[in-house]
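Here are my notes on the model, for you to read with the structure open.

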Amino acid sequence: MLLAFHKPYGVLSQFTPDGSPNRTLAEFGFPKAVYPLGRLDADSEGLLLLSDEAKLNQSLLHPVKSHTREYWVQVERLPSEEALRRLEAGLMIQSQETLPCHARMLEPQPSLPPRNPPIRFRKTVPTSWLALELIEGKNRQVRRMTAAIGHPTLRLIRVRIGRFQLADLPAGKWKELNPSERRAVLSH
């Protein structure tokens with residue numbers, strides 16, 4: 001069984017509480033015996049896969065498999081082309097170099113429902129949206145990458161894994177993937 005879940009902000013990618021005020025996956029009515037494939041931080045949103053198939057974890061998450069994940073990232077200010085190329089080339093973060101990725105400005109900027117709680121707003125500092133496509137997922141990697149180029153992340157949403165898109169699945173909802181959707185997840 002393979003499930004797609006639109007993880008809301010403030011939800012842990014686990015079923016047990018960790019002592020924080022964040023909610024857990026336990027409150028969303030998942031079938032028994034499923035577990036998350038990978039993670040999204042509590043302050044990140046978007047596509048989270050869950051399954052009861054242990055072999056899927058390795059085939060989806062190991063960088064050797066080159067399995068893509070796309071994130072939409074709202075950052076402070078408008079990054080230059082040079083800043084985007086730095087992201088693409090790989091950066092040194094926490095004594096580890098990130099693998100090359102694809103980075104681009106989202107044009108037009110996406111129209112998304114507001115986040116609760118709202119992102120930090122400053123009248124004198126504009127924001128912009130980037131799309132980052134990675135094949136790895138180190139802890140808080142996207143946030144550290146955008147900070148390293150001088151554009152802190154304000155909002156982070158995973159919108160695609162493989163060729164499967166989050167699309168119109170509402171926040172807090174999940175669905176079991178049909179065979180076609182499953183193939184889209186597993187494709188590179």
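1. Start at Y71. Leaving out residues up to four places away in sequence, Y71 touches L40, L130, A131, L132, L134, V142, L156, I157 and R158. Bear in mind as you go that this is a predicted model.

2. Which residues have the most contacts inside the largest nonpolar core? Y71 is one of them, along with V73, L87, L132, V142 and M145, and the core has 19 residues. At least two residues of this core come from each of β4, α2, β7 (102-105), β8 (127-134) and α3. As a general point, nonpolar side chains in soluble globular proteins tend to be buried together.

3. Next, have a look at helix α2. Its buried residues are A83, L84 and L87. Around the axis they cover an arc of only 100 degrees, which puts them on the same side of α2. The general rule behind this kind of pattern is that an α-helix has 3.6 residues a turn, so residues three or four places apart point the same way. The buried residues of α2 pack against β7, β8 and α3. On the face turned away from the buried side you'll find E81, E82 and A89, which are exposed. After α2 comes G90, with a positive phi near 105 degrees.

4. L84 sits in α2, which spans residues 81-89. Is L84 buried or exposed? L84 counts as buried because its relative accessibility is 2%, and the cut-off for buried is under 20%. Setting aside neighbours within four places in sequence, L84 is in contact with P79, A103, R104, M105 and L130. Take R104 from that list: L84 and R104 are 20 residues apart in sequence, yet their C-alpha atoms are 6.8 Å apart in space.

5. What is buried here is E181, A184 and V185. Looking down the axis of α4, these residues fall within an arc of 100 degrees, so they line one face of the helix. P179 and R183, on the other side of α4, are exposed. The cover over the buried residues of α4 includes β1 (2-7), β3 (45-51), α1 (54-61), β9, β10 (164-165) and β11 (174-176).

6. How much space lies in the largest pocket? About 390 Å³. This pocket is lined by 20 residues, and the closest to its centre are H6, E45, P113, R155 and I157. Strand β9 (residues 153-161) gives the largest share of the lining, 3 residues. By class, the lining has 13 nonpolar, 3 polar and 4 charged residues.

7. The second largest pocket has a volume of about 340 Å³. Of its 19 lining residues, R39, L40, Y71, G137 and K138 are the closest to the centre. The elements giving two or more residues to this lining are β4 (69-76), α3 (141-148) and β9. The class count here is 7 nonpolar, 5 polar and 7 charged. Y71 is back again: besides its place near the centre of this pocket's lining list, Y71 is among the residues with the most contacts inside the largest core.

8. Some backbone details to check by eye. The peptide bond joining E107 and P108 is cis, with omega about 0 degrees. Another cis bond runs from N116 to P117, with omega near 5 degrees. P108 is in the loop between β7 and β8, and P117 is in the loop between β7 and β8 as well.

9. R77, in the loop between β4 and α2, has a phi of about 65 degrees. R77 counts as partly exposed because its relative accessibility is 33%. Q94 lies in the loop between β5 (92-93) and β6 (96-97), and its phi is about 50 degrees. With a relative accessible area of 57%, Q94 is exposed.

Technical notes:
Residues are numbered from 1 along each chain as its sequence is written. This is a predicted model: local features need pLDDT of at least 70, side-chain atom pairs count only at pLDDT 80 or more; totals for chains, interfaces and linings use all residues. Side-chain values use heavy atoms; hydrogens and water are left out. On a 1 Å grid over the protein atoms alone, a cavity is a set of points where a 1.4 Å probe fits but cannot get out, and a pocket is an open set with protein on both sides within 12 Å along at least five of seven lines; lining residues have an atom within 4 Å of a point. Grid points are joined across faces, edges and corners, and a volume is the space filled by probe spheres set on the points. Helices (H or I, at least four residues) and strands (E, at least two) are DSSP runs, numbered from the N terminus. Ala, Val, Leu, Ile, Met, Phe, Trp, Tyr, Cys and Pro count as nonpolar, Asp, Glu, Lys and Arg as charged, and the others, Gly among them, as polar. Buried means under 20% relative accessible area, exposed over 50%, partly exposed in between (1.4 Å probe, protein chains only). Contact means heavy atoms within 4.5 Å. A nonpolar core is a set of buried Ala, Val, Leu, Ile, Met, Phe, Trp, Tyr and Cys residues joined through side-chain atoms within 4.5 Å. The arc is that of the directions from the helix axis to the C-beta atoms.
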